Amino acid sequence: MRESVEITMLGKFTIFGPGMAAPKAVSLTGRARRLWILTAYLILNRDRGVSARELIDVLWPDSESSDPMATLQNNVSRARNALEELGLEDGKRLIANTSGTYFWAPDRETELDCERFERLANEALDCGEREKAILLAQEAAQAYTGDFLPDCQDELWFRKQTEKYLALYRQLCTAGARWMIEAGQYIQADSL
């Protein structure tokens with residue numbers, strides 16, 4: 001039986017999984033910033049794995065380090081230790097490396113709030129049944145608890161993700177409010 005790791009990235013970055021009593025917030029500022037950005041990037045790209053070169057380019061795009069591979073390996077090691085320190089069962093094994101490609105939790109399921117929001121929003125927007133679409137829109141709007149990793153807006157790839165989710169949220173709210181007004185649900189439309 002696989003136990004999942006639950007992660008929030010909308011509004012704040014939290015991790016919750018086997019061995020933990022409650023979700024723990026992760027700070028994307030300060031000394032540990034790079035290792036948590038590395039972890040977040042791996043989580044978001046968990047279906048394909050990420051090459052060492054791509055990670056170096058994402059994490060240190062302007063760096064002229066004499067040994068970027070050693071810097072990456074050091075940060076991966078620190079990230080593994082930090083995951084274990086959170087209390088995650090097998091925390092050190094959540095970042096795997098196979099032939100120079102890094103993977104997030106290859107033997108565990110990971111549930112992301114941003115992916116749940118995106119799925120619900122798209123289902124609502126594509127739903128042909130108005131009542132069901134309204135319910136999905138309300139559920140999706142509740143799932144959007146804030147901007148995508150707001151402490152990382154200076155990172156180009158994070159900004160792209162933020163813009164993607166924010167645009168979808170706005171589209172959802174516009175359509176959902178219109179559907180509710182057409183259905184005479186004025187109070188619900190105002191609160192969407």
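A contact here means heavy atoms within 4.5 Å. By that rule, Trp-104 touches Val-5, Ile-7, Thr-39, Leu-42, Ile-43, Arg-46, Leu-83, Leu-94, Ile-95 and Thr-110, leaving aside residues up to four places away in sequence. This is a predicted model: local features need pLDDT of at least 70, side-chain atom pairs count only at pLDDT 80 or more, and totals for chains, interfaces and linings use all residues. Residues are numbered from 1 along each chain as its sequence is written, and side-chain values use heavy atoms, with hydrogens and water left out.

**Overall make-up**
- The protein has 7 helices and 7 strands; these are DSSP runs numbered from the N terminus, with helices (H or I) of at least four residues and strands (E) of at least two.
- Along the sequence the pattern is β-β-β-α-β-α-α-β-β-β-α-α-α-α.
- The C-alpha atoms fill a box of roughly 65 × 40 × 30 Å, taken along the principal axes.
- Of the 192 residues, 44% count as buried. Buried means under 20% relative accessible area, exposed over 50%, and partly exposed in between (1.4 Å probe, protein chains only).
- Among contacts with a separation of 6 or more, 59% come from residues 24 or more positions apart.
- The protein exposes about 10,300 Å², and carbon and sulfur atoms supply 46% of that area. Areas come from the Shrake-Rupley method with a 1.4 Å probe; for residues, only the protein chains shown count as cover.

**Sheet and covering helix**
- An open sheet of 3 strands has the order β4-β6-β5, with antiparallel pairing. Two strands pair if DSSP finds at least two bridges between them.
- β4 (50-51) and β5 (95-98) are the edge strands, each pairing on one side only.
- β5 and β6 (residues 101-104) run antiparallel and are joined by 4 bridges.
- Ile-95 stands opposite Trp-104 in β6.
- Helix α3 (residues 68-85) lies across β5 and β6, at about 145 degrees to β5. Axes are lines fitted to C-alpha atoms, for helices over the stretch in contact; angles run from 0 to 180 degrees between N-to-C directions.

**Nonpolar core**
- The largest nonpolar core has 64 residues. Such a core is a set of buried Ala, Val, Leu, Ile, Met, Phe, Trp, Tyr and Cys residues joined through side-chain atoms within 4.5 Å.
- Met-9, Phe-13, Ile-15, Trp-36, Leu-72, Trp-104 and Phe-117 have the most contacts inside this core.
- Two or more residues each come from β1 (5-8), α1 (33-44), α2 (52-59), α3, β6, α4 (113-126), α5 and α6.

**Aromatic pairs**
- The structure holds 9 aromatic pairs. Rings of Phe, Tyr and Trp (its six-membered ring) pair if their centres lie within 6.5 Å; planes under 30 degrees apart count as stacked, over 60 as edge-to-face and the rest as tilted.
- Tyr-144 and Tyr-169 are stacked, because their ring centres lie 4.3 Å apart with planes at 15 degrees.
- This pair links distant parts of the chain, 25 residues apart: Tyr-144 is in the loop between α5 (130-143) and α6 (156-182), and Tyr-169 is in helix α6.
- Tyr-144 is buried at 11% relative accessible area, while Tyr-169 is partly exposed at 21%.
- Trp-157 and Phe-158 form a tilted pair, with centres 3.7 Å apart and planes at 35 degrees.
- Trp-157 is buried at 17%, and Phe-158 is buried at 0%.
- Tyr-41, Phe-117, Tyr-144, Phe-148, Trp-157, Phe-158, Tyr-165 and Tyr-169 form one aromatic cluster.

**Trp-60**
- Trp-60 is found in the loop between α2 and α3 and is buried, at 18% relative accessible area.
- Trp-60 touches Arg-34, Leu-55, Thr-71, Leu-72 and Asn-75, not counting residues up to four places away in sequence.
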